[in-house]
Amino acid sequence: MLVVDVTMKKKSDQISLIKLISLKNKKALITGSGAGIGKAIAHRFAEAGANLVLVDINFQNIAKVKENLGQFNVEVELYKADLSKSEEINSLWEKMKGTEPDILVNNAAIYPTKSFLEVDHPFLERVLNVNLNSVFWMCQNMIKSRLKKGGVIINMGSIEAVLPLKEGLSQYDISKAGVMALSRALASEYGRNGFRVNVLVPGGIWTQGTKNLAKEAMKLNFGVLKSGFEYRMRSPLGRMGNADEVACMALVLACDLSSYVTGALIVVDGGFLSAFLFSKKI
Ligand SMILES: NC(=O)c1ccc[n+]([C@@H]2O[C@H](COP(=O)([O-])OP(=O)(O)OC[C@H]3O[C@@H](n4cnc5c(N)ncnc54)[C@H](O)[C@@H]3O)[C@@H](O)[C@H]2O)c1
């Protein structure tokens, strides 16, 4: 008798959970993997068996991350690159020619604050180059090099692009809105070539970057500090998230657990976007 489950697959075809979540024999490139969310993603992907390519502007940090990944018995390549420069991106892909990654995570970004009225050309250009243009060129290189094989792309958005909470982040907000639009365009255009392209949309996550932002706020801008308090007030879970909570969702998007997910914006914000303002006590 043929046993059919709810997935409408023959029992004999059903892949085990362990296999679905595994990244064994896959290679994953993670940008901004020297700190914060990128570093946490590197840890989870290594635990799932992926060989890694760690890319960051800070070489010392990725070297430290590599040391800590020793326990997982995976290969780890390191590349120092300033992703705001398209020539550094091209040279990175040139070096990887023939051994391109199966999975690309565009995570690196900066979030300096500046009042909208004080933003000048070099400042805006820097933020857009690091946060948006780099993602554009990284995706183009990935898709060009794997047009016949396909692959997985995970880009990092932000709830800030949907619901601006902090003052002085208009340049960041438009960069992340661009990343989200680009991801959906690529998912639509290259699905038939075997690419799945999704966006993680984190809420407030404690990382070195957000700690620096809080320090900056204490010195200069009370508005940013207040927004951290407001974040916890509004959040149904009443707290900031941690980097590993984003990394776990990245793992789901990277592996075959999400084989039918593309063009999706996956919000990891403790319910922040769906909550009514100040409806909860802390
Ligand atoms: N932390 C949050 O609350 C939060 C919320 C929403 C979205 N995000 C997004 O998640 C991602 C990671 O954020 P995070 O808080 O872990 O950041 P982080 O500042 O802690 O780490 C960012 C990493 O990117 C690297 N980097 C910065 N500029 C670079 C460049 N030009 N070239 C190469 N590497 C560069 C840094 O050296 C660092 O290792 C970002 O895309 C951020 O916008 C974070």
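Predicted model: local features only at pLDDT ≥ 70, side-chain atom pairs only at ≥ 80, totals over all residues.
Good morning. I begin with a pair of strands: β4, residues 103-106, runs parallel to β5, and the two are joined over four bridges. Within this pairing, Ile103 stands opposite Val152 of β5. On the way from β4 to β5 the chain passes through helix α5, residues 121-145, in a β-α-β crossover that is right-handed.

Ile154 has Asn198 of β6 as its bridge partner. Between β5 and β6 the chain goes through helix α6, residues 170-190, and this β-α-β crossover is right-handed as well.

How many of the six residues of β5 are buried? The count is six of six, over residues 151-156. In a regular strand, side chains alternate between the two faces of the sheet. In β5, one side carries Gly151, Ile153 and Asn155, and the other carries Val152, Ile154 and Met156; every one of these is buried, and both faces are therefore covered.

I now move to the nonpolar core. The largest one contains 65 residues. Which residues have the most contacts inside it? They are Ala28, Phe45, Leu52, Ala250 and Ala254.

Next, the ligand. It is surrounded by 29 residues, and the closest are Gly32, Gly36, Ala109, Thr207 and Gly209. Which helices each supply at least two residues of this shell? Helix α2, residues 36-47, does so, and so does helix α7, residues 208-220.

To close, I give the overall picture of the protein chain. Its secondary structure comprises nine helices and nine strands. Of its 282 residues, 39% are buried. Among contacts with a separation of 6 or more, 74% join residues 24 or more positions apart. Thank you for your attention.

Technical notes. Residues numbered from 1 in each chain as written. Core = buried A, V, L, I, M, F, W, Y, C linked by C-beta atoms within 7 Å. Buried ≥ 20, exposed ≤ 12 C-beta atoms within 10 Å, placed from the backbone. Near = placed C-beta within 6 Å. Pairing = 2+ DSSP bridges. Right-handed = clockwise from strand over helix to strand, strands pointing away. Contact = placed C-beta atoms within 7 Å.
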